[in-house]
Amino acid sequence: MPGENLTRTEARQRAALLTVSGYDVALDLRSAIEPPPATGPRTFRSTTTITFESAEEGATTFVDLVAPHVHSVTLNGESLNVEEIFDGARITLSGLRSSNEVTIDAQCAFSRTGEGLHHFLDPEDGEVYLYTQYEPADARRVFANFEQPDLKAPFDFTVTAPARWTVLSNGVQEGEPRPVDDGASALWRFARTQPISTYITAVVAGPYHYVADTYRRTFGGGTSRSSEAENGGGSELEIPLGALCRKGLARYFDADDIFTVTKQGLDFFHDHFDYPYPFGKYDQAFVPEYNIGAMENPGCVTFREEFVFRGKVTDASYEGRANVILHEMAHMWFGDLVTMEWWDDLWLKESFADFMGAFALVESTRFRDGWITFANRRKSWAYRADQLPSTHPITADIRDLEDAKLNFDGITYAKGASVLKQLVAYAGRDAFLEGARRYFKRHQWGNTRLEDLLSALEETSGRDMAEWSKAWLQTAGVNTLTPQLTYDAGGRVTELAVLQEAASEAHPTLRPHRVAVGLYRRDPARGALERYAHSEVDVAGPRTPVAELAGAERPDLVLVNDADLTYCKVRFDEVSLATLREHLGELTDPLARALCWSAVWNLTRDGLMPARDFIGLVLRFAGRETEIGVLQMLHGQARLALDRYTARAWRAEGGRLLAEGAVTQLRHAEPGSGHQLAWARFLASVASGEQELRLLQGLLDGTARIDGLEVDQELRWTFLEPLTAEGLADESDLHAELARDDTASGKRHQVRCLAARPSAAVKAQAWASVVESDALSNALVEATISGFDQPGQTGLTAPYAARYFEALESVWATRSIEIAMAIVRGLFPAAQGDQATLDAADAWLAGHPHAAPALRRLVAESRDDLARALRAQRADAGV
């Protein structure tokens, strides 16, 4: 990758040598609105002064900086020769004193890849918007620093920018901006931060639409010492709140709902953490072309602007946004106040934020069924990641920054959160929260390792956290739990045991599981499948009897992990599986139903249930699903099952059945409901027959109508993509649609649809624009890749399978890591779905043993997905 990597060993050596006292960072962003240079990147002035101590006089260290040009470096008053000490990624500093001051004046580059200081030109109004995104190590693209999480320090930021802009950073603004350039520009100064890591510093600048509010909290007589300290000895806490987005999105911006969730979250975390929010103000910026969901910069949280909904969305979208808001808020304590020492313990912040975000969602907001979404959607991400060849323990071995970048995955987030949910069941909720409180107070403003948290939890729970950690945090793989039953002559259960299987020979661990086992029976008169017996048990080893359920009447369904207390794959006995095949939709408990859907999806992925059978379940029962998030998950899984897991000979028939089913459910759904919208979007994703495509065209041009279905601009683009992919809409239609929606969002949609056209020339152009050029921004790279690979166009994309493997090393060497990851993942020829592509992947891996480990990991993961798909296709063909 461009820019030198940083290894864990180097970071530890530097941390042992240095103590950082503070940063003074001055950014001059006036060039953002100037015409771009004829050659080279658009740049800005960045001047940084770092004060730090060295444990060894005369020692040598380095400062991280990725910049096109460095004007000067001054160490302890002495000007250094830049050409001798700067290699493009590091500035070497020799002859250190015990106390040091270095000033680095550089010309840094604006980003178009979402890494560093991103520059976005809004096509709608010509305005420029800037924001930073650093994790894990891109602050060095904006200012010189010691880029590792355990060298925390206070930061003073000043920013010079156009006077009419809004400019934000982590700290509160100090006074009014000072005019410069005869008032055309201004200089903003921000309050010094508490000691924080470089990767969570932030600057947001541009003519953003800004909405303000205030959170107030009155603490009772039991206010803790930390609360008194943070509040100057008083009992009142006041936090200025801000929410902002581009001006072009202001008419869609529902800041009131964002503030409602924010205040509910702050109440929840204050109630449970006994440590008042420590960063003063709380701004939340929704920014364009963002690579991730959000980032927990203290006092200045950033989110992808897709969370500002331009059209009608389902309640699942609002729930998802609320979950992300609360996830990032949890980071203010888990990650910002207390930070992991190195990326090995990334889980210390991400797993906790993922769990606490869902916990807060359910207990403090209107989204009381958030654990259902967690069980069905979030854990699905974890199950997939934990069965890849790259699976790793939750506490991972992170050798360097490239490793760190790839470990923001389903294991670090969703599996870690699932394991913490299991820990709460195992150790008790009160003990868990008290452990968190002690952890915050003991390590505030510091850095920690795994053992620091475990010691606090062991104190409060009385449990052996070392053994629990060894089983859950330090081993990889997902266990499988299956019920085993015997009955007496009268049909009563004589024994119900839970069988536990290891993930594989490579990951043989059998773990302790706190699980609930539910027995369900069907009431034919009511058409209801309901729980009539329930028992919690600690599963350990390969076989665990559930004594409490002996003597129970014969069940129609046994659900292991009822209530979703642990992290495991669930299997069924033969009777239970037969019951689900006929009556899954009759389960009255929505969480139990979601768990059963998750289990049959895992059976499908594992090649134990033919994919067409899963599609059959969706066709029979998805129309009865009350939980909109589960329904939308089923739609995505059905589409994946059709495109990847069904036998090719049945695929056209399966597509026809799904499209017909989608039309039926669309017409039967409650007018104006989220379910109706979800079925309309699903129809667009599976439509390929003349009748369904004609309906989409009619809905688009107004000649067809479904009562209650509003075809807004977002839905218009959704309908246009399949019409374009099938050759029923052309370039002129897409240009006309862009004229209706000449916005940044409209441009992304248009680019995706343009790449979806069924033409060899179109595919060649799309490939060249992504792989052979770096002219596109990150958002347009993503849109082009999304349109390029259409399921029905494998003949057109087949020539690019070989070219993909030929281009890998060049892409990895020349593109930023975000763009390289998008290309390597997005253009892997998975849609070819054949043995030849699998053989090509194996040949590349075998022939490139010394390729970058992160690159090999990405290819190996895609290769494994393809191998799984081929196994599922064989299972489906055997029906």
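**Cysteines and strand pairing in a predicted model**

Me: Is Cys753 buried or exposed?
Reply: Buried stands for under 20% relative accessible area, exposed for over 50% and partly exposed for values in between, with a 1.4 Å probe and protein chains only. Cys753 has a relative accessibility of 0%, so Cys753 is buried.

Me: On what basis are such values given, and what pLDDT do local features need?
Reply: Residues are numbered from 1 along each chain as its sequence is written, and side-chain values use heavy atoms, with hydrogens and water left out. The model is predicted: totals for chains, interfaces and linings use all residues, side-chain atom pairs count only at pLDDT 80 or more, and local features need pLDDT of at least 70.

Me: How many disulfides are there?
Reply: A disulfide is a pair of cysteine sulfur atoms within 2.5 Å. The cysteine sulfur closest to that of Cys300 belongs to Cys245 and lies 14 Å away, too far for a bond. By this rule the number of disulfides is zero.

Me: Which residue of β25 stands opposite Arg521?
Reply: Strands are DSSP runs (E, at least two residues), numbered from the N terminus, and two strands pair if DSSP finds at least two bridges between them. Strands β24 (residues 513–523) and β25 (residues 528–539) run antiparallel and are joined by eleven bridges. Opposite Arg521 stands Glu530.

Methods
Helix = DSSP H or I, 4+ residues; strand = E, 2+ residues; numbered from the N terminus.
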